[in-house]
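Open the model in your viewer and keep the selection tool at hand. The tour goes stop by stop.

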2 protein chains.
Amino acid sequence: MELRHIRYFLALAETLNFTVAAKRLNMSQPPLSQQIADLERELSVRLFDRHSRSVALTAAGQVFRRHAEAMLAQAQQAADEVKAIDRGTTGILNVAATSSVLFSGLSTAIAAFKAENQNVEVIIHELSPKEQIERLELHRVDACFLRFAPEEKNFLVTRAWREKVGLIVPPGHRLASRKSVRIASLRDEDFVFYRLPDSAFATHLQSLCVQEGFAPRIIQQVVESFSVVSLVSAGLGIGFVPETVGRNSAAKVKYLDIIGSSPTADVHSLMRNDATALARRFVAFTTH
Amino acid sequence: MELRHIRYFLALAETLNFTVAAKRLNMSQPPLSQQIADLERELSVRLFDRHSRSVALTAAGQVFRRHAEAMLAQAQQAADEVKAIDRGTTGILNVAATSSVLFSGLSTAIAAFKAENQNVEVIIHELSPKEQIERLELHRVDACFLRFAPEEKNFLVTRAWREKVGLIVPPGHRLASRKSVRIASLRDEDFVFYRLPDSAFATHLQSLCVQEGFAPRIIQQVVESFSVVSLVSAGLGIGFVPETVGRNSAAKVKYLDIIGSSPTADVHSLMRNDATALARRFVAFTTH
DNA sequence: TAGTTCCATATGTAAAACCTATAGATCAAG
DNA sequence: CTTGATCTATAGGTTTTACATATGGAACTA
């Protein structure tokens, strides 16, 4: 049985006239008779009663008609849906990000993307950078968003958006009244830092300090920017955080711009080379 | 798109190897590559990623797979169901009958048939003989059951089962103590009769009386045997009824066998010439 | 009875599905 | 780095089959 038989069957079931059905199918009548006969022979069931001057569906034919319509509809839907997937206008998108990146604008970007793409479902995976990369390789997620991307891997890396890094200090700290600060002046401070060597961001910040002539005294290592805020707020030390996190945090900390060599915490997106059109569209959407 | 493409696609989706899939499909590898490529070209979507040494479904391919499986399942189910319909082991059967025929055994026959054919649904239409014939012609019912069948029509007529006709009289009637009676002795009685000339049964009974030398004095005409019982029970007259009706009625009447020329009320089934296998099976089932 | 309509059959043609052979590409092993 | 093995794509020829034209046969109509 082929879909051709189904199409022919339905045309005949609707017209109940071989000649008319053949015309509608842009073919001549004999091959239509042939193909219908072939279909009936394969099923070993008569689908049409051919009488003197009338063609009618048998009981079996009536039942077959319902199935035939369903099959053609399914084929049509399959083609439509597959094309939508290919265009990236429908489907499920697994996005991995750290909580601070979600906070820095990714959440709102996701909301906006979903609003523009009603047929897209976005699943957010809040993961550490290391886990993000692992799951990207395993096809568990389609796109990752993190501050510093590893360069060795065979991924598509894009800088999604720029973001400055600033300093946060607890209330009452000697720098709390300042608006900005140079890194060189932080030589004697206690630092809440990102975990070394996991975090490329941490390595970046550390090397910046070294360029300014000192090794930061790290009294605590954490994974998330929000944890830096928490510990700084509690008075354990000072720390570097992305600007959006430092300025908009609910916790009581003072945010200072860094002047001179200003570090960045630009957000980067990662995709596999075989990324779907949906993933590519989303990454393009978030890039500005 | 043809079902062939679907079958090939699924074989490849399962094996992820052109060579192996082709072997499973009993064909060589090149035409399989061709057909998959044709399918992809028609959809204008890549369904498989062919890499160095691996074949994998794309996101679109994964979605297409679900549709493909549904289509093949639908085709299989269509074939199975159509064959079942053709065998008459499944489907909907519309049966028309008079209430007295239902009472005379058709009800229990329907119950038994349904028990043996779990996939058959039987819809009972309780109709007068005249309406039965009309609906049979209109394809509204598939089989009719009545006592006397018209012979002119181009229907398949079968005698389903035999049934004698007897006489019922009210309690206290002069014949109430008799076990049997001759028609000739009913010359001076008042009769509750079936409607003339609608009922072939009525015509038959009337002519029997005439053969015995008198025209029955008809004081009331009704349609149903049960109505004859009701009126006779009320003392309006005597009447002929099928044996099962006369003997098993809840109303208070006396049933007498008829000796000499004994009339019959044999139940006949009617089908159209284009009757379905299900209708034929049911009629065969009820014939004994 | 003649004409018309409509489906089935017969026969030839064109399309396309398939096969064999082979090229091209990649990976594993020597 | 080279050789062999493995796997898919392409090329060219063959077979199958879907299709078209022509025609036969049955039934309804005028």
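A salt bridge here is a side-chain nitrogen of Lys or Arg within 4 Å of a carboxyl oxygen of Asp or Glu. By this rule, the count over all chains is 28 salt bridges. Keep in mind that this is a predicted model.

**Stop 1: a pair that joins two chains**

Select R7(A) and E2(B). Their side chains form a salt bridge, 2.7 Å from N to O. R7(A) sits in helix α1 of chain A, and E2(B) in the segment before α1 (3–15) of chain B, so the pair links two chains. Now select R7(B) and E2(A). This pair also forms a salt bridge, with the closest N and O atoms 2.7 Å apart. How many salt bridges does the rule find across the interface of chain A and chain B? It finds 2.

**Stop 2: the two copies**

What superposes chain A on chain B? A rotation of 180° with 0.0 Å of shift along its axis does so, with an RMSD of 0.2 Å. That is the relation of a two-fold axis. Both copies use the same surface: 100% of the contact residues of chain A recur in chain B.

**Stop 3: the interface between A and B**

Colour the contact residues. On chain A, 31 residues are in contact with 31 residues of chain B. The two chains bury about 2700 Å² between them. Carbon and sulfur atoms carry 67% of that area. Select H67(A), Q74(A) and V82(A) next. These residues supply 21% of the area that chain A buries against chain B, more than any other three residues.

Between chain A and chain B, 12 residue pairs are in polar contact, both residues at pLDDT 80 or more. α4(A) gives the most, with 18 residues. Colour this side of chain A by class: 16 residues are nonpolar, 5 polar and 10 charged.

**Stop 4: DNA strand D**

Bring DNA strand D into view. There are 19 residues around DNA strand D. Y8(A), S52(A), F18(B), T19(B) and R53(B) come nearest. Of the atoms of DNA strand D that come within 4 Å of the protein, 70% belong to sugar and phosphate.

Highlight the helices on this surface. From chain A, α1 and α3 (29–43) each supply at least two residues of the surface near DNA strand D.

**Stop 5**

- Select S28(A): a polar backbone atom lies 2.8 Å from a phosphate oxygen of DNA strand D.
- Select T19(B): a polar side-chain atom is 2.7 Å from a phosphate oxygen of DNA strand D.
- Select Q29(B): here a polar side-chain atom lies 2.9 Å from a base nitrogen of DNA strand D.

How values were computed
Residues numbered from 1 in each chain as written. Chains lettered and ligands numbered in written order. Heavy atoms only, no water. Least-squares fit on C-alpha atoms with pLDDT ≥ 70 in both. Contact = heavy atoms within 4.5 Å. Buried area = accessible area lost by both parts, 1.4 Å probe. Polar contact = N/O pair within 3.5 Å; in protein donor to acceptor, adjacent residues only side chain to side chain. Helix = DSSP H or I, 4+ residues; strand = E, 2+ residues; numbered from the N terminus. Nonpolar A, V, L, I, M, F, W, Y, C, P; charged D, E, K, R; others polar. Near = heavy atom within 4 Å.
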